[in-house]
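This report covers a set of local features of one chain. The sequence and the model are shown first.

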Amino acid sequence: MSEQTRTGRTAVVIPAAGRGVRLGPGAPKALRALNGTPMLIHAVRAMAASRAVSLVVVVAPPDGAPEVKNLLDAHALPERTDYLVVPGGDTRQESVRLGLEALPETIGTVLVHDAARPLVPVDTVDAVIEAVRDGAPAVVPALPLADTVKQVEPRGKGEPEPVVATPERARLRAVQTPQGFDRDTLVRAHETVTDDVTDDASMVEQLGAPVVVVPGHEEAFKVTRPLDLVLAEAVLARRRANDGF
């Protein structure tokens, strides 16, 4: 039995139904242009660059699935990678669940990726997949923190906030995507955990299943604010100059 048959194929779910209000008014964040191409297309291509990925499921805004499908149809993707567009829900968690429900039975490994992380290197994608296939039920790419972190007592906007603790920085990591999962584990997490969470790995943690970290990459940053767009454009310009990207 081949490794691919034993583990099942790998698919990526990209929830792209958010509006991205921190980038200001206009198109949903995933559809904002980066170097003339929507961020979503960059994100899909970043996932499809891995030869292990055979399917990308894009979860579109509930009223925007036809637009997103037309967008994907208009941009070239590797022939080995299929894609599917499904309408999303009101929350990120619901959108991921809808993406999971659209996967064929042959999928054994699932990656969940932020559409707003358009520049993830393929080596990071492959490292996450490999760790899942080696037996980890959940895998997250992450980077050590450069800054000291303070835990505070939240106050109103603009008010000074008292510091209550300084966590040991060496034990902290800044988590990125794609996060990788054994499919059955991720499905069970979405069936079991009802709390509002910021990522899927924390849902698996609540099941009591182990989550492991693999090295992330500085170019896998999330485009959230206008300054992030400037940085992303600079990364693309460097790639074009160095690699003909």
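The text below goes through helices, then single residues, then backbone geometry.

The model is predicted: local features need pLDDT of at least 70 and side-chain atom pairs count only at pLDDT 80 or more, whereas totals for chains, interfaces and linings use all residues. Residues are numbered from 1 along each chain as its sequence is written, and side-chain values use heavy atoms, with hydrogens and water left out.

## Helices

Helices (H or I, at least four residues) and strands (E, at least two) are DSSP runs, numbered from the N terminus. Buried stands for under 20% relative accessible area, exposed for over 50%, and partly exposed for values in between (1.4 Å probe, protein chains only). Contact means heavy atoms within 4.5 Å.

Helix H6 spans residues 183–192 and packs against helix H7, residues 200–207, at an angle of about 80°, with the two axes 9 Å apart. Axes here are lines fitted to C-alpha atoms, for helices over the stretch in contact, and angles run from 0 to 180 degrees between N-to-C directions. H6 and H7 are therefore roughly perpendicular to each other; the classes are under 35 degrees for roughly parallel, over 145 for roughly antiparallel, 65 to 115 for roughly perpendicular, and oblique for the rest. On the H6 side, Thr185, Leu186, Arg188, Ala189, His190 and Thr192 take part, and they meet Asp200, Met203, Val204 and Leu207 of H7. By type, the residues of this contact of H6 with H7 are five nonpolar, three polar and two charged (Ala, Val, Leu, Ile, Met, Phe, Trp, Tyr, Cys and Pro count as nonpolar, Asp, Glu, Lys and Arg as charged, and the others, Gly among them, as polar).

The buried residues of H6 include Arg183, Thr185, Leu186, Ala189 and His190. They cover an arc of only 165° around the axis, so they sit on the same side of H6; the arc is that of the directions from the helix axis to the C-beta atoms. Asp184 and Glu191 are exposed on the other side of H6. The cover over the buried residues of H6 includes helix H4 (92–101), strand E6 (107–112), E11 and H7.

In helix H3 (residues 65–73), Ala65, Val68 and Leu72 are buried. Viewed down the axis of H3, these buried residues fall within an arc of 65°, so they line one face of the helix. The face turned away from the buried side of H3 carries Pro66, Glu67 and Asn70, which are exposed. Among the elements covering the buried residues of H3 are H2, strand E4 (53–60) and strand E5 (82–87).

Helix H2 (residues 39–48) is mostly covered, with nine of its 10 residues buried. These are Met39, Leu40, Ile41, His42, Ala43, Val44, Ala46, Met47 and Ala48.

## Single residues

The table lists relative accessible areas.

| Residue | Relative accessible area | Class |
|---|---|---|
| Glutamine 176 | 6% | buried |
| Threonine 124 | 5% | buried |
| Alanine 189 | 0% | buried |
| Alanine 165 | 27% | partly exposed |
| Asparagine 35 | 37% | partly exposed |

Glutamine 176 belongs to the loop between strand E10 (173–175) and strand E11 (179–182). A polar atom of the glutamine 176 side chain lies 2.8 Å from the backbone oxygen of histidine 217. Not counting residues up to four places away in sequence, glutamine 176 touches Arg117, Pro141, Ala142, Leu143, Gly216, His217, Ala220 and Phe221.

Threonine 124 is in helix H5 (residues 122–133). With neighbours within four places in sequence left aside, threonine 124 is in contact with Pro141, Pro215, Gly216 and His217.

Alanine 189 is part of helix H6. Beyond its neighbours within four places in sequence, alanine 189 contacts Met203, Val204 and Leu207. Its C-alpha lies 17 Å from that of glycine 135, at a sequence separation of 54 residues.

Alanine 165 is in strand E9 (residues 163–165). Leaving aside neighbours within four places in sequence, alanine 165 is in contact with Val149, Lys150 and Gln151.

## Backbone geometry

Most residues other than glycine have a negative phi, and most peptide bonds are trans. Asparagine 35 is not a glycine, yet its phi is positive, at about 55°. Asparagine 35 lies in the loop between strand E2 (33–34) and strand E3 (37–38). Threonine 177 and proline 178 are joined by a cis peptide bond, with omega about 15°. Proline 178 is in the loop between E10 and E11.

Key: Polar contact = N/O pair within 3.5 Å; in protein donor to acceptor, adjacent residues only side chain to side chain.
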